[in-house]
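Reader: I am new to this structure and would like to learn how to read its features one at a time. Please give me the general idea first and then the case at hand.

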Amino acid sequence: MRRVEHVMGFPVSLRVDDAHIGEETADAVFAWLRAVDARFSPFRSGSEVCRLGRGELAYRDVSADLREVLDVCEEYRIATGGAFDVRLPGRGLDPCAVVKGWSVQRAAGLLRAAGARRFVLNAGGDVVTAGGPWRVGVRHPEQAGQVCAVAVLTDGAIATSARYERGDHILDGRTGRPATGLLSVTVVASSLTVADTTATAAFAMDVAGVGWAASREGCEVFAVDAERRVLRTAGFPVAPPQLTANARPARSSPGGPLGQLAPEASSRNSPL
């Protein structure tokens with residue numbers, strides 16, 4: 001079963017290989033994502049997030065789901081020394097950096113609860129997998145359409161934060177200025193909540209964020225800095241060379257703060 005819908009401003013694709021999983025399960029997944037968009041979007045004036053941001057709703061009165069999201073936001077704000085902050089001056093409350101990964105991970109939970117064992121859920125390039133191995137292609141941060149690395153996931157998630165689609169949209173909360181020290185950061189983790197939030201937080205921290213993300217429990221990192229140096233942790237699940245024959249390399253140079261420099265580059269992700 002395959003389904004693609006446009007939700008939250010980006011395409012969401014679902015593939016389930018379990019024959020007993022029907023369209024009603026996909027209906028539930030996309031209904032959940034649409035409901036999250038309506039409730040948590042900072043662009044919908046009547047959403048719970050906007051009402052809280054305007055002071056019309058007290059924190060003690062927010063839903064358990066929004067409280068969970070805001071708790072994650074606060075955890076990462078503290079962990080990054082304020083670089084990751086969803087309450088930036090001039091922007092109002094905007095928890096999208098957490099909401100996307102959190103909501104898609106919850107959607108994956110709906111699939112598992114329905115009995116799905118082999119599936120891939122791709123939300124605008126951030127991916128949750130189950131029952132792999134799945135090969136996930138990673139686009140070059142400067143060459144659109146080029147796959148320059150391939151990760152292999154069995155049960156897990158992969159997310160990328162980058163500059164190439166939306167420009168300098170990620171701000172360092174400590175300065176209020178765009179973070180420009182990195183071209184892209186990709187994180188693999190057991191959950192998309194962790195992978196997506198960690199990738200965004202690391203990007204906001206600039207180059208120092210690569211080592212910070214690598215130090216987070218359960219996270220593997222693949223990053224390209226503004227000087228086109230490619231850094232990855234030793235545990236990042238890169239596919240064997242025979243599966244990456246069509247990958248376009250980025251610049252390679254010896255050494256690197258994570259102890260290993262690979263000839264691949266990183267960007268948005270898509271299952272192959």
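**Rings, helices and cores**

Author: Ring pairs link Trp32, Phe40 and Trp102 into a cluster, where rings of Phe, Tyr and Trp (its six-membered ring) pair if their centres lie within 6.5 Å, with planes under 30 degrees apart counted as stacked, over 60 as edge-to-face and the rest as tilted. The model is predicted, so that local features need pLDDT of at least 70 and side-chain atom pairs count only at pLDDT 80 or more, while totals for chains, interfaces and linings use all residues. Residues are numbered from 1 along each chain as its sequence is written, and side-chain values use heavy atoms, leaving out hydrogens and water.

Reader: How many helices and strands are there in the protein, and what share of the residues is buried?

Author: The protein has six helices and 15 strands; helices (H or I, at least four residues) and strands (E, at least two) are DSSP runs, numbered from the N terminus. Of its 272 residues, 51% are buried, where buried means under 20% relative accessible area, exposed over 50% and partly exposed in between (1.4 Å probe, protein chains only).

Reader: Which other aromatic pair could I look at, and what is its geometry?

Author: A pair of aromatic rings is described by the distance of the centres and the angle of the planes. The structure holds five aromatic pairs, and one of them, formed by Tyr76 and Trp212, is edge-to-face, at 6.3 Å centre to centre with 75° between the planes. Because Tyr76 lies in helix H3 and Trp212 in helix H6, this pair ties together parts that are 136 residues apart in sequence. Tyr76 is buried, at a relative accessible area of 4%, and Trp212 is buried too, at 12%.

Reader: How should I read helix H3 itself, and which of its residues are buried?

Author: An α-helix has 3.6 residues a turn, so residues three or four places apart point the same way. Helix H3 runs over residues 64-79 and reaches 23 Å from its first C-alpha to its last, close to the 22 Å expected for its 16 residues, the expected span being 1.5 Å times one less than the number of residues. Buried in H3 are Asp65, Leu66, Val69, Leu70, Val72, Cys73 and Tyr76. Seen down the axis, these buried residues fall within an arc of 155°, so they line one face of the helix; the arc is that of the directions from the helix axis to the C-beta atoms. On the other side of H3, Ala64 and Ile78 are exposed.

Reader: What do the buried residues of H3 pack against?

Author: They pack against several elements, among them helix H1 (23-40), helix H4 (96-113) and helix H6 (208-215), where contact means heavy atoms within 4.5 Å. Helix H4 can be read in the same manner: its 18 residues should span 26 Å at 1.5 Å a residue, and its end C-alpha atoms are 25 Å apart, which agrees. The buried residues of H4 include Val99, Trp102 and Leu111, and what covers its buried residues includes S2, H1, H3 and H5.

Reader: Which residues touch the most other members of the largest nonpolar core?

Author: A nonpolar core is a set of buried Ala, Val, Leu, Ile, Met, Phe, Trp, Tyr and Cys residues joined through side-chain atoms within 4.5 Å. The largest one here has 63 residues, of which Val12, Leu33, Phe40, Phe119 and Val185 touch the most other members. A second, separate core of 15 residues includes Val136, Leu153, Leu183 and Val230. Leaving aside neighbours within four places in sequence, Phe40 is in contact with residues including Leu66, Val69, Val99 and Trp102.
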